[in-house]
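Open the model in your viewer and follow the stops below.

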Amino acid sequence: MQQTNIKIFDTKQELADTAAQYVVEMANEYISKHGRFSVALSGGSTPKILYNSLVRNYKDAVEWSKVDFFWSDERYVPIDHNDSNMKLAIDNLLNPLGISTNSCYFIETSLANPAGAADKYEKGISAYFEKPEFDLILLGLGDDGHTASLFPRTKALEEKEKLVIANWVEKFKTWRITFTYPLLNAAKNVIFLAAGEGKSGVVKEILQEKKPYPAALVKPNSGKLFWLLDKQAASQLELQNE
Ligand code: 6PG
């Protein structure tokens, strides 16, 4: 794995604006090289500020019709449910940018069987790629050290073959659909976005103390890894002098 690129920003907005810049630069690089850009969006609340920055600052900076959108995880709720990661992106990124659903690879959370939805999503990913290597995967960080829907002490952490799996999360008594480490670590670029004081403890434990939380095990085989933090999330890090 290549080195981890850690960048710390004074504010959550600066973090979001820089993340947006990275997304745009990567999109244009891969579109110019291969004609398309494949990106897996993360869930939770942090991505919303990134989406707003992309819409506000970069609406005309990318040929958005050449970007293919996936999701690195999803709550097992209907796509129009307020907890849906897909809905968050539709409302704050895809619709404002006028992106057609033809380039959106939605997870079919309407299926009765979560495992069936995961298998179907994996089939779609395998059909899309010659080798399932996303150009970019965006990830968040939970204060328990989870990322995507890879929560501590859940079965998905052990998956070594499948690319996408349905994961029962006892903590929430709910099913989640999530990328697994084989898919996450095959990515060409992974960007973690973490903001807020509530993340500062787990950020220190992962980045400084190297504790093996689920998020710590995302180590791209040959891709680049970025951790973009605001000052609050980085407040417990004892950084070496640059
Ligand atoms: C989800 C996410 C999850 C999220 C983290 C951080 O579906 O909840 O994919 O991994 O990224 O929990 O969430 P916040 O950005 O809301 O802190």
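**Stop one: the pocket**

Select the ligand: it sits in the largest pocket. A pocket here is an open set of points on a 1 Å grid over the protein atoms alone, where a 1.4 Å probe fits, with protein on both sides within 12 Å along at least five of seven lines. To sit in one, a molecule needs more than half of its atoms within 2 Å of its grid points.

This is a predicted model: local features need pLDDT of at least 70, side-chain atom pairs count only at pLDDT 80 or more, and totals for chains, interfaces and linings use all residues. Numbering starts from 1 along each chain as its sequence is written, and side-chain values use heavy atoms, without hydrogens and water.

**Stop two: the shell**

**Stop three: polar contacts**

Look for pairs of N or O atoms within 3.5 Å. A polar side-chain atom of Thr46 is 2.6 Å from a ligand oxygen. At Arg176, a side-chain N or O atom lies 3.2 Å from an oxygen of the ligand. Gly43 brings a polar backbone atom to 3.3 Å from a ligand oxygen.

**Last stop: the whole chain**

Zoom out. The C-alpha atoms fill a box of roughly 50 × 45 × 35 Å along the principal axes.

Notes
A polar contact is a pair of N or O atoms within 3.5 Å; within protein, one must be able to donate a hydrogen and the other to accept it, and residues adjacent in sequence count only if both atoms are side-chain atoms. On a 1 Å grid over the protein atoms alone, a cavity is a set of points where a 1.4 Å probe fits but cannot get out, and a pocket is an open set with protein on both sides within 12 Å along at least five of seven lines; lining residues have an atom within 4 Å of a point.
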